[in-house]
Every structure is written in C-alpha cells, then in structure tokens.
Amino acid sequence: MRLFDTHAHLDLPAASTAAERRLAVKRAKSAGIHDILIPGVSPATWSELPNIAADLRAHEPSVRIHTAVGIHPYWLGDLYNRAIPAIRDLFVEHFAMTPSGFVAIGECGLDFGRRGVAIPRARQLEVLELHIELARETGLPLLLHCVGAHALLLERMTAAPTPPSVLHSFSGSAELVQQYCRAGHYISFAGAITNPNARKPLEAARAVPPARLLLETDCPDQLPFSRRGARAIRNEPAYLVDVAEAVARARGEDVETVAARTTANARALFG
Ligand SMILES: [Zn+2]
C-alpha cells in the first residue's frame, strides 16, 4: 500500500522536535506513506520549512516531502497591521527565494467557527482573495481550510476559473461535495471520518467522485478515534492508514483501491 498524506503540519514547533520529526517520518515510511505535504501557515514559518523538508529528505530519502506556502486564518493576527500589497510582497519575495520549492498555495481559507472568531471576517476574506489571486497567477492548487463558511468559499472558488484546489479536512455535506467537485476541486478527509458515530462525513465520503478523493492526517491535530486512549499521543502521518480504512469502509471499497486512487490523484495534482 502506498499513501500520500496531503496535509501534515510536521513543521509546527508544537508538533515535534527535529529528532521526533525524523522518527515520525521513519514510522510513516514503515506504514506505507510515501509522500507527505507540509503546508505553510504563517510567513514566520515559511523560511524554516525548506530546511525541515531538506533534513527529512536526507534522513528518509524514499519518502517524498512536499511543501506549500500560505497564511492560515488562525495566524492572521501575526500580520495585524499589514496591508494586502505588503502581504503580497512577502509571498513574492518568498517565491523568488525558493523557486519551485513548493507545490501549492496554503494553508489558507475562512474560519467563522469558535477558533477563528478573533479575526474579523472581512480580513479573512481579503487575505483569502490574495491567495486565490496567487493560485491563478502561479497555476498552483490552494489548500483550503473552511469552518462555517462554505457558502462564501464556494462562491469565491467558482466566481472565476481557479486552479483545481483542495478542501482540506472536509466537514461539509454530500451536496457541497458535488458542488466543489463539479467546479474541479478535490475533497480531502482527515481523522474526523474515523469517528464511528459520524454520519455526515461518511455520506460526504461516498459522494466524492473517485478522481477527486484525497487523504490527510492534519497532524498533530485530529488523532484518529481508534488511537485515542488513556495515554495522550500526538497524531502523525503513520496514522493515515486509519483514515484510508475509514474512507474505504464508507465507500464500500477495499483499502488498497482507496490508497491507489488517492495517491494517484495527489501525485497528479501536486506534480
Ligand atoms: Zn492545517
């Protein structure tokens, strides 16, 4: 089995030390994860990301480490007083410093839920618009975070042609799946789908056309339910197997089929 973790925050200091990161990638390799995409969440983390990726490649050459560059709504407070043209300049400078260093724009998006409440919605939207513009200019896919804002996001993602993008850790309905996929976008599932009592994610997983399906851990968040116990452990790419099995069960397919398809989809999308 070969799996592609399309969303793993291995770079966040809260996630791990350098040594722990290397061990996590070693365990991922043993579990059949051959590709890992690390999204960027804030300009403060961008410059370290290529070094982290290079270190992991050097220690585990058979696992392909990919990176992306974006600003997550939770980190918008870091850029409190920056005007959009100044934020664009940060991207342009970073692009110039790391040519072909990344495969996507993100993580970015809208969070109108409890955790995103500190950032005004208008600010979130203007920063999202910048990411959408950058995706159009570079032709790269977006890695989209969306909580409580699907009507608005869907509208922005279909207002003009936008490169095929990823709805990461999808938590919307089966109907939304159809609307995003009709516009050419991808749906990625994370740990929430491993909840045996979850109904909505299972219906959503069944609704995704095979060519639009992706898998991720979203580690260190979203530890799969099957790994939760008395001892608190951190989520990591090796546990992507649990997500693949849950998606396979939801779709009535075998896990090998889901693994082969999602890995082929991710490799095609991220080049
Ligand atoms: Zn994320």
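**View 1. Arg156 and its partner Glu129 in the predicted model.** Arg156 is partly exposed, with a relative accessible area of 22%. This model is predicted. The side chain of Arg156 meets that of Glu129 in a salt bridge, at 2.4 Å from N to O. The pair links distant parts of the chain: Arg156 sits in helix H6 (residues 150–158) and Glu129 in helix H5, 27 residues apart. Glu129 also counts as partly exposed, at 22% relative accessibility.

**View 2. A salt bridge between Arg88 and Glu137.** The closest N and O atoms of this pair are 3.0 Å apart. Arg88 is partly exposed, at 22% relative accessible area. Glu137 counts as exposed, at 52%.

View 3. H4 covers residues 84–97. Its 14 residues reach 20 Å from first C-alpha to last, close to the 20 Å expected. Ile87, Leu90, Phe91, His94 and Phe95 are buried. They span an arc of only 130 degrees around the axis, which puts them on the same side of H4. These buried residues pack against helix H2, strand S3, strand S4 and helix H5. The face turned away from the buried side carries exposed Pro85, Ala96 and Met97.

**View 4. Glu60 in a salt-bridge network with Lys26 and Lys29.** Glu60 and Lys26 form a salt bridge, with their closest N and O atoms 3.8 Å apart. Glu60 lies in the loop between helix H3 and S3, while Lys26 lies in helix H1, 34 residues apart. Glu60 counts as buried, at 8% relative accessibility. Lys26 is partly exposed, at 46%.

Note on methods: Residues are numbered from 1 along each chain as its sequence is written. This is a predicted model: local features need pLDDT of at least 70, side-chain atom pairs count only at pLDDT 80 or more; totals for chains, interfaces and linings use all residues. Side-chain values use heavy atoms; hydrogens and water are left out. Helices (H or I, at least four residues) and strands (E, at least two) are DSSP runs, numbered from the N terminus. The expected span of a helix is 1.5 Å times one less than its number of residues. Buried means under 20% relative accessible area, exposed over 50%, partly exposed in between (1.4 Å probe, protein chains only). The arc is that of the directions from the helix axis to the C-beta atoms. Contact means heavy atoms within 4.5 Å. A salt bridge is a side-chain nitrogen of Lys or Arg within 4 Å of a carboxyl oxygen of Asp or Glu.
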